[in-house]
Amino acid sequence: MSLQRFSSWLQDQTFDHARRALLAVLKAGPIPKHVAFVMDGNRRYARMNGMHVLQGHFDGFVALRRVLEVCSILGVRCVSVYAFAIDNFKRPQEEVDGLMRLAEERLLELCTHGGLLSQYGIRLNTVGKTTLFPPQVQDALAKAEELTRNNDRATLNLCMPYSSRDEITTAVEETIQDALFEGRTDPITEKDIEDHLMTSKANSPPLDILIRTSGVKRLSDFLLWQCTEDTQIQFVDTFWPDMGVFDLIPIILDYQRKVWSR
């Protein structure tokens, strides 16, 4: 091994040990059960670094692996990510086709034996109107869910293609249909609708923290019902492909501070 490679290896090992030590300290305090991410900034990251936009999306997938690992080490039980909005189908066809290929290829990389979801016991759950996807992407999602269905340490809600308005509309429709089928005469309640949300069907715990990257301060039709008065909403300036442990640490510390102050 050359001196340069040894130096690089040593730096990586030192960073990994420091990261794990920091996470061990954080884990001693209260940890959120459900954290959601609006993974924003892939395209701007690509433009700023002189890359093709699809490289930005690929680097965003690498960031997803990195963030999922941190959440798994901390013991977060559920992570929800806004992977593809229904409105994203309006983007240039070349970009949409590239995203479909990326989803098809990388989903199985996450889920196969030895992959991140297998390593940390994470079950993948698709949240969204998957019938809008090409058949090969639907097949990849179904296979990924099947490969991880026995994992029981944590859940990854992959929201694609998703919009909160569509989720709420679908929940209301299903609630009414069930009430008519059962012959109910009592009023439909908020809990009836909540029970029909896609996240509820996946047994997701209440949303503790919603994080949006890239400095944009809006929810963009993501988990609007789930964002209650107890949900902490965090906006960070980092582009999603650059998101890592040192962006998450202050967010978790802020969560712990607010829990302890209740």
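The following legends describe close-up views of a predicted model. Local features require pLDDT of at least 70 and side-chain atom pairs pLDDT 80 or more, whereas totals for chains, interfaces and linings use all residues. Residues are numbered from 1 along each chain as its sequence is written, and side-chain values use heavy atoms, without hydrogens and water.

**View 1. Six strands form an open sheet with parallel pairing.** The strand order is β3-β4-β2-β1-β5-β6; strands (E, at least two residues) and helices (H or I, at least four) are DSSP runs numbered from the N terminus, and two strands pair if DSSP finds at least two bridges between them. Because β3 (122–127) and β6 (232–235) each have a single partner strand, one side of each edge strand lacks a neighbour in the sheet. From one strand to the next, the twist averages 15 degrees; axes are lines fitted to C-alpha atoms, for helices over the stretch in contact, with angles from 0 to 180 degrees between N-to-C directions.

**View 2. Strand β5 (residues 209–212) pairs with β6 in the parallel sense.** Four bridges connect the two strands. Isoleucine 209 is opposite glutamine 232 of β6.

**View 3. A cis peptide bond links methionine 160 to proline 161.** Its omega is about -25 degrees. Proline 161 belongs to the loop between β4 and α7 (164–182).

**View 4. Asparagine 203 has a positive phi, near 60 degrees.** This residue lies in the loop between α9 (198–201) and β5. Asparagine 203 is exposed, at 67% relative accessibility (exposed, over 50%; buried, under 20%; partly exposed in between; 1.4 Å probe, protein chains only).

**View 5. Aspartate 221 has a positive phi, near 65 degrees.** Aspartate 221 is located in the loop between β5 and β6 and is buried, with a relative accessible area of 14%.
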